[in-house]
Amino acid sequence: MRTQVAIIGGGPSGLLLSQLLMKAGISTVVLERKSRDYVLSRIRAGVLEQGMADLLREAGVAERMEREGHVHDGTNLSTAHGMFRVNFKERVGKSVIVYGQTEVTQDLYEAQDALGATIVHEADNVALHDVTTDKPYVTYEKDGQTHRLDCDYIAGCDGFHGVSRPTIPADKRQEFERVYPFGWLGILSRTKPAAEELIYANHPRGFALASMRSDTLSRYYVQVPLTDKVEQWSDQAFWDELRRRLPDEVSQTMETGPSIEKSIAPLRSFVNEPMQWGRLFLVGDAAHIVPPTGAKGLNLAASDVHYLLEALKAAILDKDAGALDQYGPRALTRIWAAMRFSWWMTTLMHRFPDQTDFDQKIQEAELHQLETMESAQITMARNYVGLPY
Ligand code: APR
Ligand code: PHB
């Protein structure tokens, strides 16, 4: 097989890039290790920045998002002294859309089908070759046979555990990392959301988040020690703990029910530099991870796709090869801004195991500033709704 852009990974990054490239008349092949059902069974994030929503519109996959997504003009922050709201719309004139990553991925698959895209599922042992020459290629196994895909460029969209990043020699790249000493225990339940907008709670027992997917589907999280196992947490224990950490007025009226999904995710900040190695370009989780506190993971994948799309269009359609070298630096500027915001919000909202009384007073002072200072709210709102790209 031959294509212009070989895309490794059929998650949101790979599918969105493929969709936008095909719409620009550039050919793609997507190689995905798992089945489509498996990819669509993963429960992930749920908050879309306006920039990502615009990109989905450009890709022609926004119809269901416009219909079923919920526009949120602000968010709630809960502290030991009560709850307050940051009004994004009022502070910076923008909002976010609550619409699940699983739904985005489903919509992308359907749009790719409609364009006649080539997506190879259950592609095993994907390997990248001759990446620093002008004739790179990819090999993979499918149904016991080895296949070869020749291409002009490779997009590594294969997530944190993929093969693309390790293809860059260890002495040619640098990893920047912070691992946080706690995880998030999350559940999905067929219950009415606790509030109209999200609630991020700073509580002496640890962080909690009340989120949602729709009017009838809720997503909740509580901070847990990394040593906790999901089997230790019955649904009842989860609801009891969540109730303790959310404001009383919310806990008293909150609907509870059986969990549909329950899992623990560790929190990590991670960036790999550079994002380009010859004709290989890393995109999304393959290049960086943020802790979920700022809801930036999926949105950063989208801005990477935007920058790479611009670079590939310039290189392929306008024969401007220099544009490709701009991809990494442009994407990284925005990535580090989102890294800082996610780290800040994580640090502000969680209880750290070694947190002193002094540290706690500092958290409280910062939350008080956020509650009372317009400039602090503007900074938070500007980052939360997404920096421009
Ligand atoms: N070969 C082929 N495909 C692979 C390989 C491989 N060796 N390794 C991983 N993959 C596939 C995974 O099965 C997955 O479907 O690559 C895809 C990567 O998808 P994601 O992990 O979802 O990463 P990405 O598309 O960059 O999405 C960004 O935003 O909310 C965040 O972390 C969240 O998934 C999210 C991300
Ligand atoms: C979610 O709904 O899963 C969610 C929302 C906001 C976050 C993180 C996760 O910051």
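Visitor: Which residues surround ligand 2?
Guide: This is a predicted model, where local features need pLDDT of at least 70, side-chain atom pairs count only at pLDDT 80 or more, and totals for chains, interfaces and linings use all residues. Residues count from 1 along each chain as its sequence is written, chains are lettered from A and ligands numbered from 1 in the order in which they are written, and side-chain values use heavy atoms, with hydrogens and water left out. A residue is in the shell if one of its heavy atoms lies within 4 Å of the molecule. For ligand 2 that gives Val47, Trp184, Leu198, Tyr200, Leu209, Ser211, Arg213, Arg219, Tyr221, Pro292, Thr293 and Ala295.

Visitor: How do the residues of the shell around ligand 2 divide by class?
Guide: Ala, Val, Leu, Ile, Met, Phe, Trp, Tyr, Cys and Pro count as nonpolar, Asp, Glu, Lys and Arg as charged, and the others, Gly among them, as polar. Sorted that way, the shell has eight nonpolar, two polar and two charged residues.

Visitor: How much of the accessible area of ligand 2 does the protein cover?
Guide: Areas come from the Shrake-Rupley method with a 1.4 Å probe. On its own, ligand 2 has 280 Å² of accessible area, and the protein covers 98%.

Visitor: Over to ligand 1: which element gives the largest share of its shell?
Guide: There are 25 residues around ligand 1, the closest being Ser13, Glu32, Arg42, Arg44 and Asp285. Helices (H or I, at least four residues) and strands (E, at least two) are DSSP runs, numbered from the N terminus. Both α1 (12-23) and α10 supply at least two shell residues. The largest share, three residues, comes from α10.

Visitor: How much of ligand 1 does the protein bury?
Guide: Glu32 puts a side-chain N or O atom 2.6 Å from a ligand 1 oxygen, and a polar side-chain atom of Arg42 also lies 2.6 Å from an oxygen of that ligand. Taken alone, ligand 1 exposes 710 Å², and the buried part of that is 92%.

Visitor: Is His306 buried or exposed?
Guide: His306 lies in α10 (residues 297-317), and touches Leu55 and Tyr389, leaving aside residues up to four places away in sequence (contact: heavy atoms within 4.5 Å). The cut-offs are under 20% relative accessible area for buried, over 50% for exposed and partly exposed in between, with a 1.4 Å probe and protein chains only. His306 has 15% relative accessibility, so the call is buried.

Visitor: Which parts does the salt bridge of Asp235 and Lys262 tie together?
Guide: Their side chains meet at 2.8 Å, N to O. Because Asp235 and Lys262 are 27 residues apart in sequence, the pair ties together helix α8 (residues 235-245) and strand β17 (residues 259-273).

How values were computed: A polar contact is a pair of N or O atoms within 3.5 Å; within protein, one must be able to donate a hydrogen and the other to accept it, and residues adjacent in sequence count only if both atoms are side-chain atoms. A salt bridge is a side-chain nitrogen of Lys or Arg within 4 Å of a carboxyl oxygen of Asp or Glu.
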